[in-house]
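Here is a short briefing for a first look. Have the sequence and the 3D view open as you read.

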Amino acid sequence: MGASLTHLLPEVRSLAKSDDNVRILALARDRWIDYPRATQAFKLLDWMVKIPPRQRMPCVLLYGDSNIGKTQVIAKFERRHPPEYDEEKGVEHRKIVSMQMPPTPDQSRFYTSLLFELGAPFNAAAKLSVLEKLTREVLREISPRMLVVDEVHHLLAGSYREQRASLNLLKFLANDLQMTIVLVGTQDAEFALQTDSQMSSRFARFVMPRWQESEAFRGLLAAFERILPLRRPSNLAKREVVSAVLAASGGLTGEVSRLLNAATELAIRDGREMIDVSHIEQARSSVF
Ligand SMILES: Nc1ncnc2c1ncn2[C@@H]1O[C@H](COP(=O)(O)OP(=O)(O)OP(=O)(O)O)[C@@H](O)[C@H]1O
Ligand SMILES: [Mg+2]
């Protein structure tokens, strides 16, 4: 093959020379692409995780539409702060503990989910007061600096009373253990938070907006181009492609990713080896 593949990252070049099926399968792999809003989120979270324990720990609600990339940001942030082993004490120190809000806001389920994440043995049938006490003990031991709760919009599935109870539980943990709390969810999470004005005022808001035509979005597409295993350059940051991807994706990162994968597969199968607007249009109507 004569192509020098300079439009690709060096680590992707050998994949680009592989068989079609190998390349198509590789599209399903997890990947992380940096973009400015994610960098801003990391900056905020890095700052929060370093705050020494104090009475009123700052908390944040990170929210945005489904499929915008919230959970990926949190996961990447966690990978940047892996657990550290304290040789002297012989214990693992986890700065960040993350969990998902149970689908129905039930305090016992909240504690059992958290204990599960903490790797602590527990009796799921235990009384709420026992689970609460155990959770506090385990958290004291591990002394994380940050608790991340994803899917916080599940709170809205409960009654007003249950919502208040769950928010109180979070407030209690934040105060008692002096850790920062990061809530993650859709706009509904923001509505749920508003049911408690004291909680609401305590949480700063960090929005992850949908993509619009911008330098950042062109940068995102250019970054995708460097990792999609096509043998010819597509120039995805050019105007027609940018408009087509934006229209077809609704500005959602997950849709952008899905569309570009589908378009890449089409460009491999038809032998063009580069994505053009017709691939995007075709990919728009495909399911995968
Ligand atoms: N930084 C990124 N690099 C590459 N792909 C990404 C990135 N962020 C998100 N994606 C893609 O978008 C998809 C959706 O991301 P994610 O699951 O984080 O969304 P979400 O905002 O948590 O959605 P939901 O509210 O439904 O949970 C991912 O599965 C992935 O394909
Ligand atoms: Mg998510």
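**Start at Ile275**

Ile275 is in contact (heavy atoms within 4.5 Å) with Leu228, Leu230, Ser234, Leu236, Leu260, Ala263, Thr264, Ala267 and Ile280, leaving aside its neighbours within four places in sequence. This is a predicted model: local features need pLDDT of at least 70, side-chain atom pairs count only at pLDDT 80 or more, and totals for chains, interfaces and linings use all residues. Residues are numbered from 1 along each chain as its sequence is written, chains are lettered from A and ligands numbered from 1 in the order in which they are written, and side-chain values use heavy atoms, leaving out hydrogens and water.

**Nonpolar cores**

- A nonpolar core is a set of buried (under 20% relative accessible area, 1.4 Å probe, protein chains only) Ala, Val, Leu, Ile, Met, Phe, Trp, Tyr and Cys residues joined through side-chain atoms within 4.5 Å.
- The largest has 50 residues, of which Met146, Val182, Phe217, Leu260 and Ile275 touch the most other members.
- Helix α12 (residues 253–269) gives the most to this core: seven residues.
- Another core, of 35 residues, lies apart from it; Val97 and Leu155 are among its members.

**Strand β6**

- Helices (H or I, at least four residues) and strands (E, at least two) are DSSP runs, numbered from the N terminus.
- Six of the six residues of β6 (residues 180–185) are buried, so this strand is largely enclosed by the rest of the structure.
- Thr180, Val182 and Val184 point one way from β6, and Ile181, Leu183 and Gly185 the other way.
- Strands pair if DSSP finds at least two bridges between them.
- β1 (residues 59–64) pairs with β6 in the parallel sense over four bridges, and Leu61 has Leu183 as its bridge partner.
- β5 (residues 146–150) also runs parallel to β6, joined by four bridges, with Val149 opposite Leu183.
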